[in-house]
Structures are given as structure tokens and as C-alpha cells.
Amino acid sequence: MNVPTITTNYQTLYQTVPVPQNASPQTRDLIDMSDAAAQAAMKRAIAIDAIADTEMQAADRINTELGQAAPAPLR
């Protein structure tokens, strides 16, 4: 919900990203490598989250099927 504040918060924490003309080749390489590592971590997090969602759906389905298959409790 706070998407508009992301840029400001990022710049406050990490400083602004320099324009290519103001950054040395080494700095640009470091920024590119950091970005690549962050993107890879985000992709892994998304994949893990999707796996967790699938596991939760399977668990819900198993619980539902067990509830339907189990005999009614004696009263």
C-alpha cells in the first residue's frame, strides 16, 4: 500500500543510484552485480512462496477429504 514511498525510503537508506556518466565502471559493475543478486533472491522467494501456497492448498484438500471420509463421531 506504500508503493509511492518506496523510492524515497530506498534513497534515504541506500542513497540515490548514480547516473551512468557519474559512476566509475567499477561502481556500475558492482551495482549491476548487486541488482542481479537481488533479482535472483526475489525470484527464489517468489518460487518458495508459490510452493508454500501449493502445499497449503494440498493440506486443505486432504483435510477436507479426511473429514468427508471419517465416520461421524458416536453420540
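Pro20 sits in the loop that joins H1 and H2 in this predicted model. Helices here are DSSP runs (H or I, at least four residues), numbered from the N terminus. Pro20 is exposed, because its relative accessible area is 52%. Exposed means over 50% relative accessible area, buried under 20%, and partly exposed in between (1.4 Å probe, protein chains only).

Thr16 belongs to the loop between H1 and H2. Thr16 counts as exposed because its relative accessibility is 54%. A distance of 15 Å separates the C-alpha atoms of Thr16 and Leu30, which are 14 residues apart along the chain.

Tyr14 is placed in helix H1. Tyr14 counts as exposed, since its relative accessibility is 54%.

The largest pocket has a volume of about 250 Å³. Its lining includes Tyr10, Tyr14, Thr16 and Val17. Helix H1 (6-14) and helix H2 (25-69) each give two or more residues to this lining. H2 supplies the largest share, three residues. By class, the lining has five nonpolar, three polar and one charged residues. A pocket is an open set of points on a 1 Å grid, where a 1.4 Å probe fits, with protein on both sides within 12 Å along at least five of seven lines; lining residues have an atom within 4 Å of a point.

Residues are numbered from 1 along each chain. Local features need pLDDT of at least 70 and side-chain atom pairs 80 or more, while totals for chains, interfaces and linings use all residues, and side-chain values use heavy atoms, without hydrogens and water.

Methods. Grid points are joined across faces, edges and corners, and a volume is the space filled by probe spheres set on the points. Ala, Val, Leu, Ile, Met, Phe, Trp, Tyr, Cys and Pro count as nonpolar, Asp, Glu, Lys and Arg as charged, and the others, Gly among them, as polar.
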